[in-house]
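Please consult the sequence and the structure shown below.

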Amino acid sequence: MAPFEFRTVHRLVCESGSALRLPDILTPLLVERGLSTARLFVLVDPFIQATTTFQAIIAALQAKGHNVLVSSDVEPDPPEALVLRVAEEAKTFQADLVLAIGGGSTLDVAKLIAVLAKGKQALQAMYGVGNVHSDRLPLVLLPTTSGTGSEVTPISIVTTGADTKMGVVSPVLYGDVAVLDADWTLSLPQHVTAATGIDAMVHAIEAYTSKRLKNPYADFLACEALRLLAANLHTVCQEPGNREARQAMMLGACMAGQAFANSPVGGVHALAYPIGGIFHVPHGLSNSLVLPHVLTFNKPAALQWYAELAVVVGLGSSNEPAAALADRFIDWTATLSPSTGLPVKLRDVGIAEKDLDTMAQAAMLQTRLLSNNPREIDQAAARAIYAAAF
């Protein structure tokens, strides 16, 4: 067995309605630092801020004596200027702890704020892998979608230009506590539920087939994540109030996040980033648009892995020929978008054929992701994959 290292957050809470217990969940974290009350900087999605649940949480925290500052200054694909602005707000507030409630972008920003508020390192010096050399404030993360896995990853993605993104990847960004409360997802529109669910599936698939750092712990988590997500995706789309299925999706997304945090994602994400960066297509949908086409390209190098995943999701048995199972698995991934009401082709989201060369060129900049893909993707291959998805 090849040597490996596995990391994740210090503590997980997985329970519907658990967000309302935040004052009690925070207590051990504060006691460890000699605090009975604290200055809490809370970053929240704007539409979450207006909910009665969020207001009840803030009231409960204040009733415990905490000084709470709430910021909803966050947006999808957060630009660098926003990250710096919010970090300065937390620093001026002299926050003792950062708490985030929201989607992947909100959690990504919160992870950076927890470091930047210490004031020891500039954001620009953190871009890349292993470049965070500062400590951080205590960090508690509550996802409100079952998709990104950001609550358990050491990764933050920042928009650095009109259509470019940079990643900060460091174990410093692992949170102290992740709270998985699927009640936040009950009111999500179906297209968001579907896209985030498929995003989580991509995390599991790419973690299981990563060329770099693939390991038994990540494999186990990826398989269990994919099993949970596949079994519940259509249920949550058709029965949005099904709490049990919603909680299963949130756990599956978290497990997929833990998997790819240790066995990183590859070509699907690399080719999805230009779709989101240039055309502002949501990340989960960007992944779904290229998923089956990247898998088809990868099949010569990942056939056995795809065959194993086919068995995980109930498409056959392990005694069948691997090639048949792999084809069945790829065909199954192609059904996920149409069966959940999502666009299927790049042209369906406003991308023109003339844009494919630009996208292929942009995809080549995603060297951190491309290096994990089981088969090398050059610019010509990226162009061909986009053409197949068009």
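Ser-156 stands opposite Val-168 in strand S8; helices (H or I, at least four residues) and strands (E, at least two) are DSSP runs, numbered from the N terminus. The model is predicted, so local features need pLDDT of at least 70 and side-chain atom pairs count only at pLDDT 80 or more, whereas totals for chains, interfaces and linings use all residues. Residues are numbered from 1 along each chain as its sequence is written, and side-chain values use heavy atoms, with hydrogens and water left out.

The open sheet has 3 strands in the order S5-S8-S7, with mixed pairing; two strands pair if DSSP finds at least two bridges between them. Strands S5 (128-129) and S7 (155-159) stand at the edges with a single partner strand each, so one side of each lacks a neighbour in the sheet.

| Pair | Sense | Bridges |
|---|---|---|
| S5 and S8 | parallel | 2 bridges |
| S7 and S8 | antiparallel | 5 bridges |

Val-168 in S8 is also the bridge partner of Gly-128. Helix H5 (residues 104-116) packs on the sheet and touches S7 and S8; contact means heavy atoms within 4.5 Å.

In S7, 5 of 5 residues are buried, buried meaning under 20% relative accessible area (1.4 Å probe, protein chains only). Ile-155, Ile-157 and Thr-159 lie on one side, and Ser-156 and Val-158 on the other. In a regular strand the side chains alternate between the two faces of the sheet.

Pro-264, in the loop between helix H8 (243-262) and helix H9 (267-279), is buried at a relative accessible area of 16%. Not counting residues up to four places away in sequence, Pro-264 touches Glu-206, Ser-210, Arg-212, Leu-213 and Asn-372.

Note on methods:
Axes are lines fitted to C-alpha atoms, for helices over the stretch in contact, and angles run from 0 to 180 degrees between N-to-C directions. Buried means under 20% relative accessible area, exposed over 50%, partly exposed in between (1.4 Å probe, protein chains only).
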